[in-house]
Amino acid sequence: MGKKILKSLGNSTAIHIFVVSACIAVLASVIQIYIEYRKDVDRVKSRFELIESSYIPAVAAALWQIDEDQARLILAGIKSLPDVAYVEIKANDSDFTSSLGEKSGSRYLTREVEVAFTNQDHSAIAIGTLTISLSLDAVISRTYGLSLNILITNILKTLLLAVYVIFLLRKRITRHLIHIVRYLESKDQSQPLKLERRSAREDELDVMVQSINNKNNEILDKIQTIEKHKVELEHTVEEKTQALTRTAETKATLLRVLCHDLSNPLVLITGLLELFANNRISEEKKQAKYKTLSRAAQLMADILSNVREMEAVDSGKRNITIAPVNLERMFDDLNLIFRDRLTEKQICLEIENQLPDGIGVFADPVSLSNHVFNNLVSNALKFSFPGSKVRIVAQVEDELVHVSIIDAGVGMSEEIAQAIFDPTRQTTRPGTAGEKGTGFGMPIVKSFVEKYGGRIQVESTSAEINPSEHGTTFHLYLKKARLVPDLAVAERSAG
């Protein structure tokens, strides 16, 4: 296969050399022919200077003496010169005109020379005109004959040089390349590659051979590299093992936190059930205790549900579909979802949707509504004072959509703000109306937002530190998406 490629390369190189050589020969011939042609034309033009310097004084004397026979004799002498095709003389003060020859050639050069007679006082008097026409037929004929000879000679010389170059190329390069290809295609490469050459000077072929031999020596280096990779792989396995250990420790910590969070409502439920079983509580107080029992049971259910959801997201078991989401409909649903809690705490929910028409976010619509926005708004309502306001602001920032959930509630300390997205840290606190929390809402929000390719940040000022200006703002940054027009219209119509 390699030998066929080299033969094809050698043949194409030979053809290129022949073609280029022929073009160079033709170009050199054209230049040489043009130079010879210009020399012949200049030689013909020199006849004008010869005639002006040798014959004009005699012509002037003949015209001044009105010697027509002498003038004709001089014209005959001029006509006898080489390349002179036509000559004519005209007198200014008489009707004397004489000419010899005719302009029958295909090309000729013509010049009119003023004939002047010089007096004794050296003043020149114009007495006639001498017209001379020189034929170029001989020049053109000679150029045609010379062109063929020059072209054949140059082509032969150039082709002979090209044949020698091709021979030299095959002898000094191509045959060695074929030997290298055969060596590379052979199965036995135990011996180093050598070329049969007499040259003592190192050239490109020697460099190539040395490179091939170096490749054989690099096999041992590859084995060492594999051993090195083996060590690195063992190190990677060790790191993965440590990571799994840390994950197990995290899960153990999470389990302790979960047991702690479940213990309070479980103790409450156990105590109430004991009261009910021993009939140590009046019927009047039973109704209030039933509500307490229901809230404790619901809190336990919420804790377990959030833990399962967070575990599903982190392990990849929770399937989410990233698609363009229209936030306008989702914001409208928030007022409906939290209507009772807004009314109960007399809190106003203001939504400022500054997104242009047709702009949404890339997210999973189900988890974005049920877990991200629900948790963030629920958290804001939980820690807001009755009669206050919660704001949601959505705006475009470059290629992102920035959604801010802003409340003027109790705020949080810097320590809690730094740990609020860590499920292993205890950050749960009662709300302004004594609402209980699971402590897993914000970690779930962070997990989903990162699945969308976004990020979430929090900034907060505690009311204990600044009684006049306090509250919490969650900053949600999601990738900007262009909505399908039909989808945007359908959702707006459905709203």
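Colleague: Starting with Gln 346, is that residue buried or exposed?

Modeller: Gln 346 is exposed, with a relative accessible area of 62%. Keep in mind that this is a predicted model.

Colleague: Where is Gln 346 found?

Modeller: Gln 346 sits in the loop between H8 and strand E6, the latter covering 348-353. Its phi is near 55°, a positive value in a residue other than glycine.

Colleague: Which other residue has a positive phi although it is not a glycine?

Modeller: Asp 398, with a phi of about 60°. Asp 398 is placed in the loop between strand E8 (389-397) and strand E9 (400-407).

Colleague: And is Asp 398 buried or exposed?

Modeller: Its relative accessibility is 69%, so Asp 398 counts as exposed; the cut-off for that is over 50%.

Colleague: Back to H8. Where does Lys 345 lie?

Modeller: Lys 345 is in helix H8, which spans residues 339-345.

Colleague: Buried or exposed, that lysine?

Modeller: Lys 345 has a relative accessible area of 6%. Buried means under 20%, so Lys 345 is buried.

Colleague: Change of topic: helix packing. At what angle do H2 and H3 pack?

Modeller: About 160°, with the axes 8 Å apart. H2 is residues 56-64 and H3 is residues 68-79. Angles over 145 degrees count as roughly antiparallel, and H2 and H3 are therefore roughly antiparallel to each other. The crossing of H2 and H3 is left-handed.

Colleague: Which residues make the contact?

Modeller: H2 contributes Ala 58, Val 59 and Ala 62, while H3 contributes Gln 70, Ala 71 and Ile 74. By class, the contact of H2 with H3 has five nonpolar residues, one polar and no charged ones.

Colleague: Now the whole protein. How many helices and strands?

Modeller: The protein has 12 helices and 11 strands. Of its 495 residues, 35% are buried.

Colleague: What about contacts with a separation of 6 or more?

Modeller: In the protein, 70% of those are between residues 24 or more positions apart.

Colleague: Last one: what does the accessible surface come to?

Modeller: About 30500 Å² for the protein, of which 55% belongs to carbon and sulfur atoms.

Conventions. Residues are numbered from 1 along each chain as its sequence is written. This is a predicted model: local features need pLDDT of at least 70, side-chain atom pairs count only at pLDDT 80 or more; totals for chains, interfaces and linings use all residues. Side-chain values use heavy atoms; hydrogens and water are left out. Helices (H or I, at least four residues) and strands (E, at least two) are DSSP runs, numbered from the N terminus. Buried means under 20% relative accessible area, exposed over 50%, partly exposed in between (1.4 Å probe, protein chains only). Contact means heavy atoms within 4.5 Å. Accessible areas come from the Shrake-Rupley method with a 1.4 Å probe; for residues, only the protein chains shown count as cover. Axes are lines fitted to C-alpha atoms, for helices over the stretch in contact, and angles run from 0 to 180 degrees between N-to-C directions. Angles under 35 degrees count as roughly parallel, over 145 as roughly antiparallel, 65 to 115 as roughly perpendicular and the rest as oblique. A crossing is left-handed if the near helix is turned anticlockwise from the far one by less than a right angle, and right-handed if clockwise. Ala, Val, Leu, Ile, Met, Phe, Trp, Tyr, Cys and Pro count as nonpolar, Asp, Glu, Lys and Arg as charged, and the others, Gly among them, as polar.
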